[in-house]
Amino acid sequence: GKPTPAADAFAKKAGVELSELKTITNAKGEYLSATVKRAGRDAVDVLAAEMPKEIAGIYWAKNMYWRAGKPERFVRPVKWLLAMLDKTIVPVEFAGITASNITQGHRILHGDAPVAIAVPKDYESSLASAHVIADVELRRQKIRKALDAVTRTVAGARWREDEELIDTVTHLTEWPQAMLGGFEREYLALPEEVLVTVMRDHQKYFAVEDADGKLAPHFLAVLNTQADENGLAIIRHGNARVLRARFNDARFFWDVDQKIPLTERVEMLKSVTFQKELGSYHAKTERVVALTGQLGDAAEKSGIELDHIAVVEAALLAKTDLTCELVKEFTELQGVVGGLYARAQGSTDAVAAAIYSQYQPVSMEAGIPATREGQLLAIADKADTIAGMFSIGLAPTGSKDPFALRRAANGIVKILAEGELPLTLAEIRSLAVNAFKGAEVEELQSELIGFFTERLQFYLRDARGYAYDVVNAVLASGADDVKDALARAAAVAEVRGSEDFAAIAAAFKRMKNILEQAQAKGDVAAATLDAKLFESDAEKLLAENAASVGAQTAPLMQNREYA
């Protein structure tokens, strides 16, 4: 009959006096209840209060401050805010700015005149009249059509598809216009990868290819303006001049780099730091050479053929291009340059291809190395980096992964899933960890098991599209053999909707419960079946059928024909 501290706390939480609490009875018994009435708030008030939190909570890979001593951060300094609900201005405040119904148009084509929005539905049309295409997809479509149109002016030419660059220029422009430019054919003597990287990564230009898919002496630029033919001629001349200078730099660095062959650059890696606690790239090279040899031996035991000499040579030379001037200038080309230099300096195709593709795949959508030797080198390099960083306590945390270890592990999983190497995650982890003698090996292995299992889960769910419960079921019965996990996921996904599967699941659950109950009583399951203990013909028949089915399923299991 007296209120407890819990009742007092409940009243405070509800915002009522203790005396206002009432007793109610339901199926579970007697409870204290409170009746509280809260008046609704105007939508404008709610939005004005909540929107600043939403703006501040937007995630950006890189933020910046721009007001000394103020806490707000954003991808760029905020200059103005527009916030409206129907015809009403929502007075959202952020970074010392209060929202209005005023926005700005294109800085060059429209100028500084403000653009007033009467009602939200006028937003896009009002900005369009000020030379801003607000809709991202409309801008993307306009860019694609413009690229098509200007490319058609060159017989047989087509622009090289590049979705990432399309995305970049879509977000760099408000009123895009495409322009075709050209450069001298002599530059085509440089490797295509170098030319495309200069155009794409440094100038945001699209490459143009001929009917045979070979690079043509043209480029496509997406401008954020609207120019007539005279204006385009001036812009084209300026862009071509800048591109020519970059190509000349690349040609100069290529020629300079050839004076020191890759084999002589291995020693130079001692002065290139990999990670301060893990030492130089020379030390990493020694570990990766050993690891590729060990993984190669493991793969060959499963009957796969590998060019052992090529793998070891590729591992030895893989990082030497980090000492080259071309890579220092165009860092995006590391690995690629090494492969090109190796081929130019007389290495075999197997060696050059492995070095060239060592950083692949760069994403879940990208391809894996084309050769077994390349796949082996890529796995060894990534596994060494992961094991090394974990050994010194630099594992990824939350949304932070400064050394891209998740991407590296994703790459290993993808190579094992889509490549030809019969390696397991357990073999890779174990051999990679052994190189770090000072580490707590058991603890490190445990961390890496969880990390790689999480990456395999990501691959099955996000890259292959399997339902979360299918993935959980598959990983619960083993996550070391990636190809096997894939086969099991495909089988479970294929049969999970059938009535048979539902019946089997129910029977399995029943058997599991029986065994758990027996274990709780102290009964232990026998190691082998004792037919003398059978009490009925039904038990004998079941045992015979189980043995028969077991004989049928064993080869199916062996061949991963799980469905």
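Among contacts (heavy atoms within 4.5 Å) between residues at least 6 apart in sequence, 59% join residues at least 24 apart in the protein chain. The model is a predicted one, where local features need pLDDT of at least 70 and side-chain atom pairs count only at pLDDT 80 or more, while totals for chains, interfaces and linings use all residues. Numbering runs from 1 along each chain as its sequence is written, and side-chain values use heavy atoms, with hydrogens and water left out.

As for overall shape, the C-alpha trace spans about 100 × 80 × 50 Å along its principal axes. Some 38% of the 563 residues count as buried, that is, under 20% relative accessible area with a 1.4 Å probe, protein chains only. The chain carries 21 helices and 14 strands, which are DSSP runs (helices H or I, at least four residues; strands E, at least two) numbered from the N terminus.

Zooming in, Gln375 sits in helix 14, residues 372-391. Gln375 has a relative accessible area of 2%, so it counts as buried. Leaving aside residues up to four places away in sequence, Gln375 touches Ile368, Pro369, Ala370, Ile415, Gly419, Glu420 and Leu421. With Pro369 there is also a polar side to the story: a polar atom of the Gln375 side chain lies 3.1 Å from the backbone oxygen of Pro369.

Note on methods
Buried means under 20% relative accessible area, exposed over 50%, partly exposed in between (1.4 Å probe, protein chains only). A polar contact is a pair of N or O atoms within 3.5 Å; within protein, one must be able to donate a hydrogen and the other to accept it, and residues adjacent in sequence count only if both atoms are side-chain atoms.
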